[in-house]
Amino acid sequence: MTAMNMAGFPILTTILMTTIVGLLVIIFIPPEKTKLIKQVSLASASLGLVLCLWLYHAYDFQKGGLQFVERVLWVKSIGIYWFNGVDGINLPMMLLTSVVLFTGVWTMWELEHRVKEFFALMFLLVAGVYGVFMSMDLFWIFVWYDVSLFPMYPLIAIWGGTRKEYGAMKLTLYLLAGSAFILPAILFLWAKGGGHTFDLFMLQKIGFTPYVQNVAFLMLYLGFGILAAVWPFHTWSPVGHVAAPTAVSMIHAGVLMKLGAYGVLRIGMTLCPQGAVYWSHLMALLGTIGIIYGAIAGLGQTDLKYVIGYSSVSHMGIVGLGLATLSVNGINGAVFQMFAHGIMTALFFSSVGFIYDRTHTKIIPELGGLSKTMPVASSFFIFAALAGIGVPLMASFWAELLVLTAAVKAFPVAGILACMGMILSALFMLRVVQRTFYGEKNPRWEHIPDVSKFLAVPRVILMSCILFFGLFPKVMLDVIQSTVIPFVTRF
Amino acid sequence: MNSLSTYLIISALLFSLGLLGILQRRNLIGMLISVELLLNAANLNFMAYNRFLAPDPVVGQVITLFVMGLAAAEAAIGLSIILALYRKMHSINIEAAQKMKG
Amino acid sequence: MTDFMLFLPELFFILGALLFFIFSLRKTPNPAGYHRWAVVLAAAGLLVTVASSHQEGMLFFNCYRVDLFSQVFKVLMALGTIWVIFSSGELKGIDTRQHAEYYFLIFVCTLAMMMLVSSVELLTIYVSIELSSYSLYLLVPMRRGEERYFECGIKYFMIGVTASGLMLFGISLLFGVGHTTYVPQLIKVLPTVISQPAAIVGLVLALAGFFFKLAVFPFHIWAPDVYQGACNQVTTYIATVSKMAAAAMIIRFAGISGGASPAMIKLLIVLSIASMTFGNLVALIQKDIKRLLAYSSIAHAGYILIGILTLNSQGYAAAMYYAAAYLIMNYSVFMVIMKVADDGHNLQIKELAGLHKRSPLLAMTLMLGLFGLAGIPPTAGFTGKFLVFAAALGKGYLYLVIIGMVNATISLYYYLIVFKAAYLLKPVKEYPPVRVDFWTQFMSFALVIMSIYLGVFPDRFLSLTEAAARSLF
Amino acid sequence: MGAIFRDPVLFATVLGANLPFFTMAVILIFTRHNPRLSSQLSVGSIAVSAVCAISLLAKLFFAPALQYQTLWFVSGKLNIVFGYYLDPLSLLMLTIVGIIACLVQIYSLGYMAGDPGYSRYYAFQSLFAWAMMNMVIAGSMLQLFIFWEMVGLASYFLIGFYYEKWSASQAGKKAFVMNRVGDVGFFLGLILLLLGFGNLGIPELNHAASTHGLSQGLLTASALLIFCGVIGKSAQFPLLTWLPDAMEGPTPVSALLHSATMVAAGVYMFSRIFPFFSGSHDAMQFALVIGTVTMLLSSSMAMVTYDLKQVWAYSTVSQLGYMVMALASGGYFAGVFHLTTHAGFKALLFLCSGIFIHEFHTNDMRIIGKQGGRKLKIPMVCITVGALALAGVFPFSGFFSKEAILSVLAAQPNKIWFAAGLFGAVLTAYYSFRLIFHILLPMGGIEEKHHHDDHGGSSHEHEEEHHGYIFWAMAIPVMILAGVSLVLGFAEHPLEHFIMRSVNVPGELAAHGGAALQTVAHVAAEGAGHAHESGSPMLLILGVSAGLLGIFVAWLEYGRKGASRKGFLSHVPAIWKLFDLRWFMDVFYRKGLDTFMYAGLTSLFTLNDRRIIDGGIDGICIFTEGSGRLFSFLQSGMLQFNLLLMVLCAGAAVLYFVI
């Protein structure tokens, strides 16, 4: 677990720095030079993407464990370390982040309103996300976690859509209320661990008493669960997504929601294995309710983004259920689902964003027949919908397979109910597809141009990601399970 | 009669009277006087403790002297503020000053 | 000679005060000149304070202790003073004839507070507190123009003297049970007599005076009116420098209550929770920024108390860190307020509308200040909160930390409202553009960098505060 | 990778099965705006696939079953294997799919000519061909499931091909969702097996079931669950209503997907793991009941509809019911054989109907008859051939397969299944000839109004010429299929030999595959043996007479001069309505979905989210702000009130300590 290669090049910090340097550069560009700002953004995002791809490639999954470790003592007196590293769990997340950021920046190419601030905030947000994923120190995880949350407020409130100020305020307060549980839990563990280290792996060796584990795990689960849209803390997801601008929705639903599940996995289940066992039934219950509830509630929505928001609730339920099984397959599936869902939702939101940019509505009954006028844009959405349904040979199918297999074994009733969710998700996804894209050609949208080749690129990248990992899940699962197999031995 | 508790009781009474005055008087001058009572209660305490208990008899007396000096300054400042208030509001009733709240 | 060196910062401020006293005697005021003088003097004062920051020793028959703890706070106060004086360039809230008096009182007040943090004798403490209070009593009603705010002066005075009366009475009782007014001795004696009612009453009443300074609930009642009613610069001074002194005093004095009395700790916990909750809740409904910040300062007093009530060096260090962070971020916010309301009027939240266009730099400074106050990383405010909570959990106060975090979430709401005004709202009428000179730009950058630097690299400053806290024991 | 090029069999398999996928990708990405090129690409690739399939069949006709596999990924103890399994059954099915898909695509060149979505059509056709072929030769149940879903996806797109039409997209959605219902059962069954048995390889499963390697409970449970998949895909009761609706798609699609191949996938899967199923008596009985009910119900529905394609759709459902009955009663070969012949003649029927529909722009058999449907000689002859095959008239292929099924049913101890089968045969003949007579002998002769009169002007000549190309593109596949229907029946014995042979499989595969096939042979031989013992002449007579009886009744009512042409069911309107509304199944589903799901749960949950959860949160916010207002009264303007508060608090603290 503690393979140290301190001497090596600090690749992780470099990845983090791509966003922070990008942010600083953007701050010093005059706001009128929007083109330049966008170019700088894209350049730094693609640098991050390249580095993450290289990282993914260079990670040795035969050896497994933590690699590319950087560890520096940061604050002596209470034991904070600048401690970064990747293993099979956060590596896919890093990749996801870089892909979504890259495509997100590209998607926002047509933005004209307060460009500079938008990209600056977006990079701040993503810096936080990278930070959470790569840090192995509780202090930094929390710092980056909060850093990634609060830019949501201006991002939604300034560039958002429906009821943006309400949505922004609600989302921000809701999510930061979650950290009202996380911070005490982290400090609680730190204090119970002797109060001299925030290093995740040093704390892991301590072995907390069952009481401490149960309390801390519950707090972490509640705190992070809010971000992971665990039922019944899911209502910010539809409201927030409806209000958010395209790229923000992409990053938020695609990456930020994963932070929640990742936090439970990385902090909760690592430090409190007994607590995880103790609360696993609760997690399974809430996960299953999320799957079914999200799908059923999604059936009745009339706003495209509401539908996707609810589908996210449902899909994140699968992640929750997978984690609850505490088994290799369940966690493999959960992590894979986090990746798959991230890419898929990003595609969803980027297509909806395009439709909204052109038609200025995302109310389903007002749309309809879009396939005729914008076949390419429609096909992106339909593709995402299929991925959401869990059509085989798309990445999320494998994830669902693994999670459900594990779930049926660990919690038969929950597993079977979760399978029923597959029917419901098909029903509501296809309903949306039918009402939005099929049907008579709508004269209102007749003269709307289809998505241009330039703007199609990010969507195509996302689509190919889904397909690639659907066809070759091994590429990801080998990496994931190199970490998960030793991980589950402690339950 | 010449015991510590007598002085303490008197000072406690003075203190209570001062407090009551502060809370009850609506006239600012009256309130200021009540505050002086508080200080004097403390002074009495210092002197009494000094007389009966303290090993070094100077301390209490010195403090009392200081307090008296400060009380004078306090009264001066207080009166000047009250005077200024009176010029603006033509009243030295505290009820005239209750616009800021919430 | 060494004694003289130990007292150098104070002497310097006495000198400044004297100079402005002389200025105040002049018939024809020269505000710009005073300001230049004041800036130069305060800057020199800061340098002197920094230069003498590593001195240690006792003065005035051991009534006056110069140690790392006091020197750190003196530096912070000198820093706050120069900031306030720096922002006093357009002192529109005060009659030009009174500018010299204003600077005089500021210097006196700083001097008094510097003495306060070094005092280890109840008498010295009392005298210093009174000296600083008297300066403030006079500074607060100095405001010109705004008739409706005049009442705050008398309120401040009345509450202040009542509190000091209570404190003095408390001190007299402490003297009675402890037979001494020398704090180090008192600390030794008090745990043995803490069961006596007189000791308890004395302690509670004496603490009341300090809590009054820090504006802890229920001794906060002056804060909203004074913040709102005093002119912007004076409010800034009260909100920053004065808070430092109060925090320092409580830290020094908290030892007296002694770890021996769990009931005392309970009291502190209750006060801290009450302060946080009351401050944050009432701040939710405020419209005037300064009044809002007053309530926020009440809440922050609660956070600082969390660090103090651990009664160990870690907690004190955290509280000191928090106080320093609070100084920086609070001044960031106030500087923006003073700049935006450069005619000295009271700024309403909605007047910040469109600030991001009128002055992006000020808007950013305001944003970082607000987020610091709200405790969002990577600002110093967050790290301070983190350290304070860590210290509390080190003692096992889990529920206190949870309540603190819930409060932080509530507070986020009103900080976000201010933020929203600055970044989102479209101004209803055309506000004049904000003039930002070079020094303000410089100051904005400096504040932003300090805030983030302290937040991200807390190690060095934290070891300093830890050393300072250890010097208390 | 290299292995693919070294082994010609593997190469042909991989190439044949996957070429259409690349065709689809190429069409969707590059040649969308060039319909001609798209169609050529697609037809070309499916032709290659068909050739590959045929040559594989020829090459491996006498060879043992082959299995290729590669480890796809490992997760925990789960080994997911990807591979191909080539045994007689899959080879036969591969050939059927290849040939029919090829013919249908050729036919579509004419049928779909000029359609704006021409390229898209061929892309989805290729998608289907790819998925179907991969499903057929899948080496494991999981892989089969994956492509099973992909086939469903292709079906969704093709049914909803005319997506401007609301009903079409609705039908596509319905098909997908109903299939999903079955698939979830299938999926759960697979998970159960995965957990209980740990391996989803088809030979391994069959072997384990036949050697009692599986516990009976697990076997029955998983078999029943997997059978849900069959119910969905092969439109068995109670999920049968999506198939008639699926006729919203273009007719060639109906021919290929919704009669010949895709819907038969359920039956194919049943026979694929037939030994596994036959390990569970209960599951087989259940399947038998379902098959019988389906067969009778859908026949009844076919008797009342006037829509050409609907008739064949219902008929497809009922024939699938037949196959399930056959398989469920142990008639492995009978089921597979009927599947084969049915694929041929049902495709034929649909394609012929397609020609009529294309000509007359209507689906109503009465109008087609009136407007001179019988003037189209080639389709008229061919459709009659198909109908005869469907009715089970000698010497058409349907006769042989139906006889095989009836003989298996007769061997069942309970004769009710046999009776139901016979009754079904009567109904089949009745409704198919009802249709034939409607077109062939329309009431009141033919109205002398040819549809070509609608056109005219300068484009007439061009139309005519174009029409020729279109017509022949459609006619040639039809004729080929008619020929197949004529001769296929006579291939019963070689086919049986091919399918049933117990092979000496070399290597480790012999252990599983061989034994599995032996079981098949054993079970089937038992069934056949019974059949032969119970007297095949008797059966023959019964079977033939059932078909003839049906035709006769149809002639009485629709064919002879002066017939009422209403059908005996019109005398009982209630029953007519019952049949016409599909036994109220759709109404039930619709109502159920509307009231329970949309009006019930969905609105409840939405309301819960808005009012209770969101409302609660907003309530907390309002409460917080309200308490802020409340607390702000503590800060009254009155100085002495504030002082009192302060003193009281201090006093309270003092009291607390002192007491």
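Some ground rules before we go on. You are looking at a predicted model, in which local features need pLDDT of at least 70 and side-chain atom pairs count only at pLDDT 80 or more, while totals for chains, interfaces and linings use all residues. Residues are numbered from 1 along each chain as its sequence is written, and chains are lettered from A and ligands numbered from 1 in the order in which they are written.

**Stop 1: where chains meet**

Show chains A and D together. Five pairs of chains are in contact, and chains A and D share the most contacts of these. Chain A brings 40 residues to this contact and chain D brings 35. On the chain A side, pick out helix H18 (412–437), which gives the most, ten residues. Helices (H or I, at least four residues) and strands (E, at least two) are DSSP runs, numbered from the N terminus. Colour that side of chain A by class and you get 24 nonpolar, eleven polar and five charged residues. Here Ala, Val, Leu, Ile, Met, Phe, Trp, Tyr, Cys and Pro count as nonpolar, Asp, Glu, Lys and Arg as charged, and the others, Gly among them, as polar.

Then try chains A and B. These two do not touch, and their nearest C-alpha atoms are 24 Å apart.

**Stop 2: the core**

Select A:Ile343 and C:Ala208. Within the largest nonpolar core, of 695 residues, these two touch the most other members. A nonpolar core is a set of buried Ala, Val, Leu, Ile, Met, Phe, Trp, Tyr and Cys residues joined through C-beta atoms within 7 Å. A residue is buried if 20 or more other C-beta atoms lie within 10 Å of its own, exposed if 12 or fewer, and partly exposed in between. Leaving aside residues up to four places away in sequence, A:Ile343 touches several residues, including A:Leu96, A:Gly254 and A:Cys465.

**Stop 3: a helix and a hairpin in chain D**

Is helix H8 (residues 202–210) of chain D largely enclosed or open? Nine of its nine residues are buried, so H8 of chain D is largely enclosed by the rest of the structure. Among them are D:Ile202, D:Glu204 and D:His207. After this helix comes D:His212, with a positive phi near 60 degrees.

Now go to strands E1 (residues 66–75) and E2 (residues 78–86) of chain D, which pair in the antiparallel sense over nine bridges; strands pair if DSSP finds at least two bridges between them. Click D:Tyr68, whose bridge partner in E2 is D:Tyr84. The two strands form a hairpin with two residues between them, and D:Gly76 in the turn has a positive phi of about 60 degrees.

**Last stop: C:Val40**

Find C:Val40 in helix H3 (residues 31–51) of chain C. C:Val40 counts as partly exposed because it has 13 C-beta neighbours inside 10 Å.

Conventions
Contact = placed C-beta atoms within 7 Å.
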